[in-house]
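Reader: I'm new to this one. Could you walk me through it?

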Amino acid sequence: MMLDHPIFKRWPALHPDRLQLFSLPTPNGVKVGIMLEETGLPYEPHRIDIMANDNHDPAFLSLNPNGKIPAIYDPDGPDGRPLALFESGAILIYLADKSGQFLSTDPHTRYETIQWLMWQMGGVGPMFGQLGFFHKFAGKAYEDKRPRDRYAAESARLLGVLDQRLAGRDWVMGADYSIADISLIGWVRNLIGFYEAREVVDFDRFRNVQAWLDRALARPGVQRGLAVTAA
């Protein structure tokens, strides 16, 4: 099987029959690596080095015109036709449907799970990311600390929402691990790790979140998924 998408002129597929992942282990990138490892779907990873501007390469932009990771190309998409897809939340839903895992087929549970996924996409990701910028990266040098304080307060509020949701639950949806959890793991882990913002949001008070994160990071599929495209 030959893959004729322009992306493969820059990143050739050694296993063209497998789903192709283009990513980097950022909080958004690890979502798809974790999902693929958890489901057991065969895939081939390609590292997109955003520090080297790989994500602005015309070949990558032919797959994702938004120039962000992750993105996938599935040669065996719906109805057997290839499917190129970007946006990590959309990819999680697609892989859940493809594998029949981590997203309930019961309509009520399914849409509630997607609700929490959208909450992560629209709130947790943008807020935690901005806090990281203003606390650790270039924004750290800004004398005006109001932006950092704004994102810290909102990040803490969101952690409170998650902490309340996890009261009496092992996972976001209760007993069943789902794409809602997978979407959040990298962000919560990064907030207190790579972003060094544990004290800024007073993370230790969110005991349900900490217990949930410990459970998630103990999963072998999560451990493998966090390392996908790392080197």
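Reader: Which residues of helix α2 are buried?

Author: Helix α2 covers residues 29-39, and it's mostly covered, with 10 of its 11 residues buried. Buried here means under 20% relative accessible area (exposed is over 50%, partly exposed in between; 1.4 Å probe, protein chains only). Helices (H or I, at least four residues) and strands (E, at least two) are DSSP runs, numbered from the N terminus. The buried ones are Gly29, Val30, Lys31, Val32, Gly33, Ile34, Met35, Leu36, Glu38 and Thr39.

Author: A quick note: this is a predicted model, where local features need pLDDT of at least 70, side-chain atom pairs count only at pLDDT 80 or more, and totals for chains, interfaces and linings use all residues. Residues are numbered from 1 along each chain as its sequence is written, and side-chain values use heavy atoms, leaving out hydrogens and water.

Reader: Why is strand β1 largely enclosed by the rest of the structure?

Author: Side chains in a regular strand alternate between the two faces of the sheet. In β1, Leu19, Leu21 and Ser23 are buried on one side, and Gln20 and Phe22 on the other. β1 is largely enclosed because the buried residues number 5 of the 5.

Reader: What is the bridge partner of Ser23 in β2?

Author: Strands count as paired if DSSP finds at least two bridges between them. β1 and β2 (residues 43-47) pair in the parallel sense over 5 bridges. In β2, Ser23's partner is Arg47.

Reader: And what is the bridge partner of Leu21 in β3?

Author: β3 (residues 71-74) runs antiparallel to β1, joined by 3 bridges. Leu21's partner there is Ile72.

Terms used: A crossover is right-handed if, with the strands pointing away from the viewer, the path from the first strand over the helix to the second runs clockwise.
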